[in-house]
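Dear colleague,

I am handing over the structure we spoke about, and you will find the sequence and the coordinates just below. Please look through them before reading on.

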Number of protein chains: 2
Amino acid sequence: MIQKYTFGTPFETEAVVALLPAASDDLAFGRISTDDGFFFSYALGPDDKVYGLGEANRGIDKRGYLYVSYCADDPIHTEDKHSFYGAHNFIIISSMPDASKPDASPNAFGLFFDYPGAVTFDIGYSHRDLLTVSCDKLDLHLYVITGEGPYDIARQFRRIIGKSYIPPKFAFGYGQSRWGYATPDDFRKVADEHRRHDIPLDMIYMDIEYMDHYKDFTVDPQNFPDFSAFVAEMKQRGLRLIPIIDAGVKAEPGYRVYEEGVEKGYFCKREDGTKFEACVWPGTTHFPDFLNPKARKWFGEQYKVLLDAGIEGFWNDMNEPAIFFSAEGEAEIRTWMEKILQGELSFHSFDFSDHAKALANKPEDYCRFYHDLGGGRRVRHDQVHNLYGFNMSRAAGEAFARLAPGKGILMFSRASYIGMHRYSGLWTGDNMSWWSHILLNLKMLPSLNMCGFLYIGADLGGFGCDATEDLLLRWLALGVFTPLMRNHSAAGTREQEFYQFDHPEDFRHVIQVRYRLIPYLYSEYLKAARNDDLMFKPLAFVYPQDRIACNIEDQLILGNEAMIAPIYTQNAIGRPVYLPEEMMLVKFLPDGTLYQEILPAGHHFVEVALNEVPLFIRKNKKLPLVDAADRVAALDMKTMTYIGYPEAPYELVEE
Amino acid sequence: MIQKYTFGTPFETEAVVALLPAASDDLAFGRISTDDGFFFSYALGPDDKVYGLGEANRGIDKRGYLYVSYCADDPIHTEDKHSFYGAHNFIIISSMPDASKPDASPNAFGLFFDYPGAVTFDIGYSHRDLLTVSCDKLDLHLYVITGEGPYDIARQFRRIIGKSYIPPKFAFGYGQSRWGYATPDDFRKVADEHRRHDIPLDMIYMDIEYMDHYKDFTVDPQNFPDFSAFVAEMKQRGLRLIPIIDAGVKAEPGYRVYEEGVEKGYFCKREDGTKFEACVWPGTTHFPDFLNPKARKWFGEQYKVLLDAGIEGFWNDMNEPAIFFSAEGEAEIRTWMEKILQGELSFHSFDFSDHAKALANKPEDYCRFYHDLGGGRRVRHDQVHNLYGFNMSRAAGEAFARLAPGKGILMFSRASYIGMHRYSGLWTGDNMSWWSHILLNLKMLPSLNMCGFLYIGADLGGFGCDATEDLLLRWLALGVFTPLMRNHSAAGTREQEFYQFDHPEDFRHVIQVRYRLIPYLYSEYLKAARNDDLMFKPLAFVYPQDRIACNIEDQLILGNEAMIAPIYTQNAIGRPVYLPEEMMLVKFLPDGTLYQEILPAGHHFVEVALNEVPLFIRKNKKLPLVDAADRVAALDMKTMTYIGYPEAPYELVEE
């Protein structure tokens, strides 16, 4: 059951699409105080778990930390960070199973705080036994969901927020990316090397260097005098180019998108109606007003120039929006510098680094521009900050439906709010070549699924810092199961294309495993999307009566048939794995054969070599495998076999 | 067997105290190139492990990353960092056990690169199968050690570097610290609150705020008009105050230590003999020339003023040496600022943060000052950088032997080189309130022991960032076993004294467990120190034939009787534990009783509540326990009982 409570006059985020009547009952869980903004509190039981929050830090169980939903361009995802790129205000509070009632579902309820500004979740951080959720203004919808345990509650929530985005099948292929590819030869080299090493590849991503001075919807005229021809050349080779689109539009006289936006008033403005500019990649930039329906439509139509050139996929970036610095920020720094130079202030390195840190994504800057909602209504950006990335991707998604009806266009975004899942996937932004980020990648998967996001993935191998061959191999052995499978890295870091390492054959093997699994992965994706289900589930959702399973945070149920337990520790020869029931351990061996062994329920230590991919098949289940191919379109469904329990049924769902 | 190879004219670091003849044989392992500095390479076998490097990042097995020995004041210990505070150039390369020869020791050899400048260890980072070690100048001693496996090699190395420092027994008590305690009442509050909650406590640490304007060997005259009386007041309560001493001496006319140092020429100078100043905590600072024997003696004698006040322990900090910025660094920034303000350069936040980052601990600054070795010999600091912290603590240690002969003085340092272990312990510097730093803490313990450092510990609960009650409890359940057991945190972070949290009784229990174990811990410490042994051993050293044990990185053998397997994951109800042989699981329960269970060899999942402390006792071993007391001196050895296998012998070693 879902109860909708409305406080004040909420901004309608359009996260929820179901029409729900206002709740008539009092709130059944927790207490609400409205003395100073909105403040919800709930006393957590000693063993209660808290799921949700989508793209957030730490565990699948979010208990024990403080999270702030406020889309943040912060690339350093250490354990202490409170905000990542997404804002997903859905949580589920679930008690542990009651040993005395083995057939009862755990007590659980879900909460969705539909509020587009900052929301603070103190989940047993200040006090281990206390959950509090608060925001500054008393203007929100609160949805309270009760049901048969946390899994049921997650699916009920999914049903009210609308169907998840379904990408074209090629999007399940492997994609290679790096910030720095600029010339046609850079892209050809990636294509050539993958073919030379016989490594499957479907997509090459174009990071910001493909553009003409970082201007959206342009290409560098020197490098790409005939972009359509280059797109066609790559397509001819079975490869799709996937360009990045940044939220900010370069302020440059003569640049069509900029001129049009200014002329039509489609950029965010200051309170007094004058322009708001900030520095991002292109230099001085204007932010399209994605919350203005007309501006959204206009921006979406800009994608046409690239669609017309043959492009079939995009990634929307910098749409928190990220701000390197504003004119005010720069002015403050200049004043500070003047005072230093004139001897009014003494110099200290600490002040210097504090000033440096404070320049980007300044809260004050988010208070300096407004959205025009039509009819004379305006809203200050900070109050609807979390909707910006969502509505950028919505702009594109709505345009694709008009411009390329029925054609599948790949799209994923960095910033997001619940609701965007109907239009787009997401990637989890700038991670690092850290082993701990393999595990963070894994833990986000079910949490994102709970919030509607199904087409998801991390930068495999890590975006920042220097990857090693073993790190990349182990990470890929998780990445083979994520819908978005992309190797992406930052300029200035160690090159991490497969052919940069000593054993490209190991990478060929792992990527071939991916392609062998695509029919299964796509089928399970379609089922999850069509049935408002999760593709990645915590073990707690499937084995709610199993106390150990409920506390496992480094294994996931994949689809309905499989369990994954990747290795995320350097130099490990294997790892402990808990089986809530008998399962078949499958290892994809580098010679192309399979190791298969039935293991009984219980605790195991499973050895897995660096170049093997482990997978567990649940008891009395099976899943399809096909022969690998060099691209998704070349997969031959006639080669399909099954692994697992032979007598089991499997329903293959195709487009 | 130990072979000593000498290249060029090494700087004599005094790390090794044994007199060893020059090796007559050719190098038995690896290849050395001397074309451009020193370059050692060795082809690693697929399963070879590399131990050592003391206080370094990542695993007990160092394979798969790049490490640079260059004492670094960098508080952000993420996985990508190459240098921490210490420089410990000892490694052991060990093959895995040969399954066909179950009684043979694994092939292994050790290497100590005795070179006081930067040394780069590429341990399977560039290529997984290649180890390289290099430094700029061809002036070093290389010690090559062969023996019966890695454990034997570690002990052989320990024998040539001299006996490890033994602290007074009170140093095994619990210590409370926080950067920010400044007034007598701040310290009294810590004492009062521990007594009020009946939590044992032996030491309260004095971070930099106790000083008069951060001047070494002073106390704030306002706060401590009669410091001796305050020290005595605390001593009366059973508590010792442990002040910090920073390496840099404030440049302030009239400040005795500064005036004397200048007069005698005991500070490091520029090449032309003029003063070298840099900004650290006190502002403009001079660095004592710890490599000059006369200056070392002089600096050591400065501790007398605090010893005379009744102080019995010190921690030496900022002795890499840390430099916030130099005059040259400031001048560069000012020039850059001028260019910005005059419009010669355009402003960008990236340049700003790059400049901010580059100010501290600039390599160029380490080339700007020299050490006077006597007899007209001078050496530029960067070439002997790694000896600075070592010789600061040596200065103190040598002085204590003169000033307080026979009296145990507690001392530990931040920066270090092998050799310092004879004079001092170390703490592992500015960590964070991150769960991953519990595991990093654990992994450093055996590596530091291999390099001679026995009195060691991390900032429990984490120095930077905000600790939670559960993090601190889990971390303490490791910290109860480390010789240095100190809760320390940075100003500006969440206060993490036990009484700041909801359940001080849980902390009382854990600290009482520590005190119950002190006779055992001190006994095992003394054995390790006297016998050149390790107090913390990787499982691989004790069970070299057990392939799984050899790959366990999150359990350690403690002393000769125990194994520890702490929990380092938030919200975990327990963890997988591998037992190479039958062991007794002991859980110290919060009601003061013990849970004891014999577990067979193999893989287990062990449940451990947040307020329990788990310990494993090896088969046919036992260890002593006493009743807890409120301080070490109050422990009553007559209350001693044993836990473990009752028939086992145990040799208790006391001072």
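This is a predicted model: local features need pLDDT of at least 70, side-chain atom pairs count only at pLDDT 80 or more; totals for chains, interfaces and linings use all residues.

To begin with the arrangement of the copies, chain B is superposed on chain A by a rotation of 180° with 0.0 Å of shift along its axis, at an RMSD of 0.0 Å. The two copies are thus related as by a two-fold rotation axis. The contact surface fits this description, since 98% of the interface residues of chain B are also interface residues in chain A, so the copies meet through the same surface.

As for the extent of that surface, 58 residues of chain B are in contact with 57 residues of chain A, and the area buried between the two chains is about 5,400 Å², of which carbon and sulfur atoms give 59%. On the side of chain B, the residues that lose the most area to chain A are B:Phe347, B:Phe352 and B:Asn571, which together account for 12% of what that side buries.

The interface also has a polar part, with 28 residue pairs in polar contact between chain B and chain A, counting pairs with both residues at pLDDT 80 or more. The rule finds four salt bridges across the interface; in a salt bridge between the chains, the side chains of A:Arg547 and B:Glu607 meet at 2.7 Å, N to O. Within chain B, the elements α7 (327-341), α8 (349-359), α15 (547-550) and β34 (602-607) each supply at least two residues of the side that touches chain A, and α7(B) gives the most to that side, with eight residues. By type, the residues of this side of chain B divide into 25 nonpolar, 16 polar and 17 charged.

Is B:His488 buried or exposed? Its relative accessibility is 2%, and because the cut-off for buried is under 20%, B:His488 counts as buried. The side chain of B:His488 makes a polar contact of 2.8 Å with the side chain of B:Ser177, and another polar contact, at 3.4 Å, joins the side chains of B:His488 and B:Asp207. Leaving aside neighbours within four places in sequence, the residues in contact with B:His488 include B:Arg178, B:Trp179, B:Trp315, B:Asp459, B:Phe463 and B:Gln496.

With best regards

Conventions
Residues are numbered from 1 along each chain as its sequence is written. Chains are lettered from A and ligands numbered from 1 in the order in which they are written. Side-chain values use heavy atoms; hydrogens and water are left out. Copies are superposed by least squares on the C-alpha atoms of residues with pLDDT of at least 70 in both. Contact means heavy atoms within 4.5 Å. Buried area is the accessible area (1.4 Å probe) that two parts lose on being put together, summed over both. A polar contact is a pair of N or O atoms within 3.5 Å; within protein, one must be able to donate a hydrogen and the other to accept it, and residues adjacent in sequence count only if both atoms are side-chain atoms. Helices (H or I, at least four residues) and strands (E, at least two) are DSSP runs, numbered from the N terminus. Ala, Val, Leu, Ile, Met, Phe, Trp, Tyr, Cys and Pro count as nonpolar, Asp, Glu, Lys and Arg as charged, and the others, Gly among them, as polar. Buried means under 20% relative accessible area, exposed over 50%, partly exposed in between (1.4 Å probe, protein chains only).
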